[in-house]
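Trainee: I am new to this structure. Can we go through the terms and check each against its cut-off?

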Amino acid sequence: MNPRLSQPLILSGNKPLGLSLTYRHLPEKDPVKAIQNLSKLFDPQQGILGFGEPLVSSFSKKVPGLRTFPGLSGINCSSPSTQGSLWFLLQGENRSDIFDQTENLSNILGDAFTPDDQIDTFLYAGGKDLTGYEDGTENPGGEKAAEVAIIEGGIGISGSSLVAVQRWVHDLGHFRTHSQRERDNIIGRRQDTNEELAEAPQTAHVKRSAQESYTPFAYMLRRSMPWALNLQQGLEFIAFGKTLDPFENVLRRMMGLDDGITDALLTFSRPVRGGYYWCPPLTGDRLDFRFLLE
Ligand code: HEM
């Protein structure tokens, strides 16, 4: 694994503002020009880019481990697939940065791709979910982060990463009807100290998702960002990995598909979009698309 070849924002973490953008490509248009433009003109310091299976397949290529996000039905819950062709998480310090980057991206992409979905995201209270709980505490750090998220392989693959992007819509009004103790039991940590609850119920999110309770361990590098729009709000869940299996295994257990126990998160939040993407590596300071184009 070579962290120097990975898209820099994957390991460095999120800037204060983001824009999660999904595009689909128009079947009658040739995407090659847009992809070449991206490799010359897209600055990886300004955002993360991922290719979905529909686009990779149109180049008659198969990225190891990349697949289409599955639509799942669990116990009293469901998780839809809204797989796109291209995904970006543009990032900046302020709204002007994001606006300029979005304009720039539209020019780079031309007319081969059309926006399918977009949502503004932000860092809340220094890295909390909108429920007020710290998000990312059990993330692997330092070298472990690169080990978990960055793929080793040949030219054009080494330094790349796979990512799961899943939009959750919270019902915060409902969440707030719970007492502090009940809220802590939903997450499995104390909100005030972030300490893990020794006696958390089996339904608690951190019990369901405990990475070391999976075989093999379900390590992933989470870079989720909250969103709030038109009086709705939630979490743009974003997790990088060498494979998509840790994410999918945890999601399945959260939905009760392992042992019939559903994650208490699902009592106030639900997934409404989902896609899997391959984030290509860098060559110098630009994106390396050799795997697709050669
Ligand atoms: C409504 C959506 C979600 C919210 C609000 C949320 C929030 C949290 C919070 C507050 C924690 C505890 C602190 C931490 O270690 O980060 C946590 C842990 C974690 N979450 Fe989530 N999460 C959500 C969805 C998901 C999904 C969809 C997955 C994967 C499928 C996931 C995987 C994990 C993992 C792996 C941990 C660390 C568990 C451990 O090893 O202790 N989360 N999450």
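Trainee: Which element gives the largest share of the shell around the ligand?

Mentor: H9 does, with four residues. Before we go on, note that this is a predicted model, with residues numbered from 1 along each chain as its sequence is written. Local features need pLDDT of at least 70, side-chain atom pairs count only at pLDDT 80 or more, totals for chains, interfaces and linings use all residues, and side-chain values use heavy atoms, with hydrogens and water left out.

Trainee: Which residues come nearest to the ligand?

Mentor: Gly-136, Glu-138, His-205, Gln-211 and Arg-222, of the 27 residues around the ligand. A residue is near if one of its heavy atoms lies within 4 Å.

Trainee: Why is His-205 called a donor to the iron atom?

Mentor: Donors are N, O and S atoms within 2.8 Å of the metal (3.2 Å for Na, K and Ca). NE2 of His-205 is 2.1 Å away, so His-205 qualifies as a donor. His-205 is the single donor from the protein. Water is not among the atoms, so sites may look incomplete. His-205 belongs to helix H8 (residues 205-209).

Trainee: Why is Ser-6 called buried?

Mentor: Buried means under 20% relative accessible area, exposed over 50%, and partly exposed in between (1.4 Å probe, protein chains only). Ser-6 has 3%, so Ser-6 is buried. Ser-6 sits in the segment before helix H1 (8-12).

Trainee: Which residues is Ser-6 in contact with?

Mentor: Leu-11, Ile-150, Gly-159 and Leu-282, leaving aside neighbours within four places in sequence. Contact means heavy atoms within 4.5 Å.

Trainee: Is Glu-53 buried, exposed or partly exposed, and how do you know?

Mentor: Glu-53 has 21% relative accessibility, so it counts as partly exposed. Glu-53 is in helix H3 (residues 53-58). Glu-53 and Tyr-276 are 223 residues apart in sequence, with their C-alpha atoms 7.9 Å apart in space.

Trainee: What makes the phi of Asn-76 worth a mention?

Mentor: Most residues other than glycine have a negative phi. Asn-76 is not a glycine, yet its phi is positive, about 60°. Asn-76 lies in the loop between strand E3 (72-74) and strand E4 (77-79). At 81% relative accessible area, Asn-76 is exposed.

Trainee: Where is Leu-231, and is Leu-231 buried or exposed?

Mentor: Leu-231 is in the loop between strand E9 (225-229) and E10. With 85% relative accessibility, Leu-231 counts as exposed. Its phi is also positive, about 70°.

Trainee: How do you know that the peptide bond from Thr-215 to Pro-216 is cis?

Mentor: Its omega is near -10°. Most peptide bonds are trans. Pro-216 is in the loop between H8 and strand E8 (221-222).

Methods
Helices (H or I, at least four residues) and strands (E, at least two) are DSSP runs, numbered from the N terminus.
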